[in-house]
Amino acid sequence: MRHAVRLLASPSTLGSSSGLRPAPLALLPPIPLYRRLLRAHRKFLPTEMRVLGDEYVKSEFRAHKDVENPLHIVGFLKEWQMYAQQVEGDSWSGDRLEKEKIDKMSDQQLGQLYELMQAIQKKGREDPDGET
């Protein structure tokens, strides 16, 4: 009997924008990704950030529930999956948005980003020491 050599796949950095973080291996379906995001918030974020993050994730998934364009769906899932990896890896803190991503955003998305920034700044002014 011949012995077969088993080759295992390994993550590649070819599809990622930087060589520092690997590209996601496969896109998760929406519901498992949604659960993963909420679980990551519960495990890795402080309470105040978790509440804000959970509300944002829930509203975004609700808003995109009826999207039928496959490109929008794939882009949506890809970005949320990369966000989950960042939160789980603790590489999100102090990170800046890439200019290319901002340039690709619609006016509505830029408005949402601005509202999120204002909510974060307001929260920081209300609770400068991080105490509740």
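Which helices each supply at least two residues of the lining of the second largest pocket? Hello everyone, let's start there. The answer is H1, H2 and H3. Before we go further, please keep in mind that this is a predicted model.

Let me stay with that pocket for a moment. The space inside comes to about 290 Å³. Its lining counts 13 residues, and those nearest the centre are Pro-30, Phe-61, His-64, Lys-65 and Phe-76. Four residues of the lining come from H3, and that is the largest share.

So let's get to know H3. This helix runs through residues 70-89, which gives it 20 residues. From the first C-alpha to the last, H3 reaches 28 Å, close to the 28 Å expected at 1.5 Å a residue.

Now look at the two ends. At the start of H3, Asn-69 brings a side-chain oxygen to within 2.9 Å of the backbone nitrogen of Leu-71. Just after the helix, you will find Asp-90 with a positive phi of about 60 degrees.

What about the buried side of the story? The buried residues of H3 are Phe-76, Leu-77, Trp-80, Gln-81, Met-82, Ala-84, Gln-86 and Val-87. Their cover includes helix H1 (30-44), helix H2 (47-63) and helix H4 (99-104).

In soluble globular proteins, nonpolar side chains tend to be buried together. Here, the largest nonpolar core has nine residues in all: Leu-33, Leu-37, Leu-38, Val-57, Phe-61, Phe-76, Leu-77, Trp-80 and Ala-84. The elements giving two or more residues to this core are H1, H2 and H3. H3 provides the largest share, with four residues.

Setting aside neighbours within four places in sequence, Leu-33 is in contact with Leu-28, Phe-61, Leu-77, Trp-80 and Gln-81. Phe-61 is a name to remember, as it belongs to the core and also lies among the residues nearest the centre of our pocket. Phe-76 is likewise in the core and on that pocket list.

One last stop, in helix H2, where Asp-54 is found. Why does Asp-54 count as buried? Because its relative accessibility is 12%, and buried means under 20%. Leaving out neighbours within four places in sequence, Asp-54 is in contact with Leu-38 and His-41.

Terms used:
Residues are numbered from 1 along each chain as its sequence is written. This is a predicted model: local features need pLDDT of at least 70, side-chain atom pairs count only at pLDDT 80 or more; totals for chains, interfaces and linings use all residues. Side-chain values use heavy atoms; hydrogens and water are left out. The expected span of a helix is 1.5 Å times one less than its number of residues. Buried means under 20% relative accessible area, exposed over 50%, partly exposed in between (1.4 Å probe, protein chains only). Contact means heavy atoms within 4.5 Å. A polar contact is a pair of N or O atoms within 3.5 Å; within protein, one must be able to donate a hydrogen and the other to accept it, and residues adjacent in sequence count only if both atoms are side-chain atoms. A nonpolar core is a set of buried Ala, Val, Leu, Ile, Met, Phe, Trp, Tyr and Cys residues joined through side-chain atoms within 4.5 Å. On a 1 Å grid over the protein atoms alone, a cavity is a set of points where a 1.4 Å probe fits but cannot get out, and a pocket is an open set with protein on both sides within 12 Å along at least five of seven lines; lining residues have an atom within 4 Å of a point. Grid points are joined across faces, edges and corners, and a volume is the space filled by probe spheres set on the points.
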